[in-house]
Amino acid sequence: MDAFGGPIWSMTASPSGSQLLIGCEDGSVKLFQITSDKIQFERNFDRQKSRILSLSWHPSGTHIAAGSIDYISVFDVKSGSATHKMIVDRRYMGVSKRKCIIWGVTFLSDGTVISVDSAGKVQFWDSATGTLVKSHLIANADVQSIAVSDQEDSFVVGTAEGTVFHFQLVSVTSNSNEKQWVRTKPFQHHTHDVRAVAHSPTALISGGTDTHLVIRPLMEKVEVKNYDAALRKITFPHRRLISCSKKRHLLLFQFAHHLELWRLGSTVATGKNGDILPLSKNADHLLQLKTKGPENIICSSISPCGSWIACSTASRFFLYRLSYERDSISLQRVPKMPAFLRSALQILFSEDSTKLFVASNQGSLHIIQLSEGCFKHLHTFQPQSETVEAMCLLAVSPDGNWLAASGTSAGVRIYGLKELKPHCTVPAYNFPVTALGIAPNTNNLVIAHSDQQVFEYSIPDKQYTEWSRAIQKQGFHHLWLQRDTPITHISFHPKRPMHILLHDAYMFCIIDKSLPLPNDKTLLYNPLSLTNESDVIRRRTAHAFKISKKYKPLLFMELLDERTLVAVERPLDDIIAQLPPPIKKKKFGT
Amino acid sequence: MVEEESLRVVRCGGSELNFRRAVFSADSKYIFCVSGDFVKVYSTATEECVHILHGHSDLVTGLQLNPSNHLQLYSCSFDGTIKLWDYIDGILIKTFTVGHKLHALFTLAHTKDSVFVTINKEKPDIFQLVSVKLPKSSSQEIEAKETAFVLDYINQSPKCIAFGNEGEYVAAVRDFYLSVYFFKKKTTSRFTLSSSRNRKHAKNNFTCVACHPKEDCIASGHKDGKIRLWRNFDDDKKYTYTCLHWHHDMVMDLAFSVTGTSLLSGGRESVLVEWRDATEKNKEFLPRLGATIEHISVSPAGDLFCTSHSDNKIIVIHRNLEASAVIQGLVKDKNIFTGLIIDPRTRALVLNGKPGHLQFYSLQSDKQLYNLDIVQQEYISDNDLIQIELRKAAFGCQGHWLATVEQRQEKETELELQMKLWAYNKKTQGFVLNTKVSMPHEDHITALCFCNAEKFENPTLVTASKDGHFKVWILTDDSDIYKKAVGWTCDFVGSYHKYQATNCCFSEDGSLLAVSFEEIVTIWDSETWELKCTFCQRAGKIRYLCFGRWTCSKYLLGATENDILCCWNLLSCALFVFKPSEPRPLYIQKKISREEVHWGVFVPRDVPESFTSEAYQWLNRSQFYFLTKSQSLLTFSAKSPEEKLTPTSKQLLAEESLPTTPFYFILGRHRQQQDEKLNDALGNELVQLPLTENIPAISELLHTPAHVLPSASFLCSMFINSLLLSKETKSAEEIPDDVDMEEEKGSDDTDEENDFTEKAQDTNDIDLGEDIIHQLSKSEEKELRKLRKVDYSWVTTL
């Protein structure tokens, strides 16, 4: 629906959740009523001179603060009129003053308005009198984001210099009730603008142009000093962005607004371990699919046979049929996809490419039968419980009998595809699932959780396997549990049933179930020197986890056939090279 | 006159003024700083030393104002005592004996009966902060043994301890942690910084700490130049801190302003940084302070700051960051190459000062007169740089000429030498560079010597060098068509068998020059520069060489490297050899100093003393000063400590209501002299007033501290009465005079009445003015009366 105010720059829901405020380009602040079925325009507030860049509700819902250019307005929600206009200082840039953009405002329950602006200031205003209480100049560049904790005793701001500052409300003296806001710790984990910050009860979260998501735990809120209290820097999404057609050696890369299909190169040369072989045939960029409009691609997949590509955005679902004629390739979009498929969270093709499984954001699972150039909706598994929880991970057994699906919090559900009905549910576990895989032949489901635990569950027996019980009894190696990134993909070797292949962003691991499990005293990561040792020593020290850490940021790894493995790396330097240059800061001594 | 007194070693100055933080008086008029065993009181307006508080027998380590009486000062010392002073009069009020070596002193406003001191009890490196209860007693010497333990394992430096929020807590830092002790809760919180060896945290060490005067906020300085502001430290978990980072090197000291709105920090950058509102972006600088800032202190009135610097200097700085006064002591350079020299003109001690400078230091007033920049190059402080060193200096021709030698040696073979000759300019009262000689010798110059004989009209300078030559430089005419000028040129080069010349010396009349070449002494005729004779004495390399003076001018003395003193009789060419231990020295003083003695010098006295005892006769005409390894200046004195005190106790009569400016001292002396003249002139017709000391009322008035006295108006009549002459004290022959005066007075009786009322007003106007009244001697009164008698009728016409 159109707000009729030009581009919308800011939006915030009321504390009760029943009203929505938007700030528009033309300086108007509009209030909408949110009902269960629609959003209805309610009223306009006094129109301001320039665009409204930030909005904040008073926790009681009686007042709002709106940040514009050069000033902040405080509105009374009942009357809709501006009660105060608080003018912000501009910053001198040489001779002229530059306009001061209020990037963020926050209304605290005691009536204090905190504003962050493009002059590098964090300012505290008294909304009752409309006066400036305190000003902190913290940066030479813009302060772009602000987030307040629920207790309103601390907040965090992010600057264009990549610094995140923490402010805390501390008492002036131990025996008085007077409190003041104090800038405490600066964190410099970003190289570029920090565009968004969040304040969780135990951590500060920041993200920006440099593509990192940084979670900085607050030490004073952390009860136990364990590995959870460490700083986390997340660079890549914990999802699979690449799918692979094993048969045709195709890789489908998912970007924010387009898909790329590449054919892998090949070599005829052979060499020793560690050699880099010359390519006899270079990798081909086969096609690039762009989505229309600004919508991001949520998920995508290529069928194992390589003749289908499916992808979904928030409003559309696309299915393409690919046909290969020697070197040329032709693409044909399958029309009239049903509307219920849109904004799917996960798409998966069955091993024989005859079925398409789509996990929708409504919690249901759609099964679609694919045949030459057309499709047929076979079945929909509706969510069992009342709680609607979207499924975001899918795995299908190679024989096509079983489908495992997992949401963000609840356990893994297993459906029988032959009889098209739920088979069983894996016992619930506290941590979300990050990867699923069903082993061929045995139909053992391997589940990796975000706390780095790995379970193996026998689907036919509806219970954990012996090996899984054994490893749970002994516990994983402490180094394994301390890894930073979750396992994003699990696959199996068709000829070696005892092997499980899994990887995260920094390592590739083969778990050999036939070997003894490592305990905390053994070396988890096989040192390189061991490869030079004699077989006896190697055999004595061998354990179930064989880990290779030579890939740096590893995005994808899959067995193409028994002897070929494809790995996709995404070097961070390539990402950084594409970023705009950071704000130059003078560093002492340079 | 002083035969019965034994010679004592007296510390006469040059002590570190920057050893501890300086302390301001409550009205910011005075600044107190430790100076060796003394406490010095300087005027902040005039930089003059107003008093020296003597009394401690070891290094003074702490100063604090008495919180219950801001006209009193506590000081503590390594001698284990805490002394309470009245700093305005320079009087020691009380001595509290604690018994341990005291390293630092702290006072708190609300614990008036106890102070805090840092002591080390058992092991040499473990220090404790204890509170000492000062018993109330009227006696002067009090034992204060009642101590209560506060904090353990602290740093000995007082910079590492700070009391905050009116004494609710004390913060102490050491190594990598901050401990905060809360007096009310009696708990200690300890906060540790990461001390891991990686690059980022390696220099996290705490260096100093300061507490916010109003808020619960502790500022700590660190080795890496960071300042951390700690808050919420009463909670072990919720504590938080902010970083301020500008210094690139260690933060040496921190101080909050009185209101706490700004924080001052300083370090090796020699820049005073003022952080306003404790925000990183809002800071002000006072740069180019000359040397590392060691301490910062803030006056209780808040209008002044002061910084103590590593070159023994205290700079008083206004609130608006403008330096207003500099108190400069003896600069302590790392090496004193020049030795101690006496400037014949000013009698000042001359030695190496700041790098590349020569300092002129007044021994009498214990302050630096001025600095002469010899090297005239920007000094870059960097440990790796090899600096130009000022090696030798010598005065000639009654201080008219100054010769200096500087050298820089980067490698063994690359020696840069420069000799400069400076002429004294009477107009500017300073030395002006006259001649610059680069590479005067091929190798190090070992000695520099002027011919000081009066009959020598042509100034002559001799340099001896390791290259085996000695060179004679004379002043010649260097005029050209543009200007008349003089310059120095080399006149003669002498050598002796390629031996290294080690020293040279002119005889007193200037006729002979002695040059030592390693073990051989050669005597040269200074008229013709021919070798007269040689003395070869295989007693070792000769280090020092000196001709006798006065009646002993026929003797030549030499000191060799292996502790032998040789004396040659030039007339008979006979040789006497002394070993310092064997013959009969005039005087031996043992245990003169705790440290090695590095240099000594005889300073001529202005007024010869008259020691009759044979042992002290050598001190008659001059005084012997010597410099120890830690560069404190010591001397021998035969005076008793009480006598030493007299000049200062005279000094202390300087009226405190008047600013103690140099003008005051000049004028005051002038007035005194006038008074004396008047006294002499009017001597016999004067009324012989009884000595004020003998009148109990006055002595009581003077011995009671000013601040406990009742108001001046109350005291006035009693005081005036006590000054009035009672009949009994008059002697018979004085009576007629008095009568005469009374008759004189009788003529203008009404005037006299006015006089008295005016006087009463005077005393009211000048609060604390009892001293003045006391000083209004009879002669002054006389003067006043005379003035009154002058006809002021012209005033009415105006």
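1. Contact here means heavy atoms within 4.5 Å. With that in hand, look at Trp480(A): leaving aside residues up to four places away in sequence, Trp480(A) touches a list that includes Leu502(A), Cys509(A), Phe545(A) and Ile547(A).

2. A word on the ground rules. This is a predicted model, where local features need pLDDT of at least 70 and side-chain atom pairs count only at pLDDT 80 or more. Residues are numbered from 1 along each chain as its sequence is written, and side-chain values use heavy atoms, without hydrogens and water.

3. Trp480(A) also belongs to the largest nonpolar core, which has 21 residues. Such a core is a set of buried Ala, Val, Leu, Ile, Met, Phe, Trp, Tyr and Cys residues joined through side-chain atoms within 4.5 Å; buried means under 20% relative accessible area, and exposed over 50% (1.4 Å probe, protein chains only). Trp480(A), Ile490(A), Leu502(A) and Phe545(A) touch the most other members.

4. Next, the sheet. Four strands (DSSP runs of E, at least two residues) form an open antiparallel sheet in the order S43-S44-S45-S46 of chain A; strands pair if DSSP finds at least two bridges between them. S43 and S46 of chain A stand at the edges with a single partner strand each, so one side of each has no neighbour in the sheet. Between S45(A) and S46(A) there are 4 bridges, and Ile510(A) has Lys546(A) as its bridge partner.

5. Finally, turn to chain B. Which residues of H4(B) are buried? They are Leu715(B), Cys716(B), Phe719(B), Ile720(B) and Ser722(B). On the other side of H4(B), Phe714(B) and Asn721(B) are exposed.

Note on methods
Chains lettered and ligands numbered in written order.
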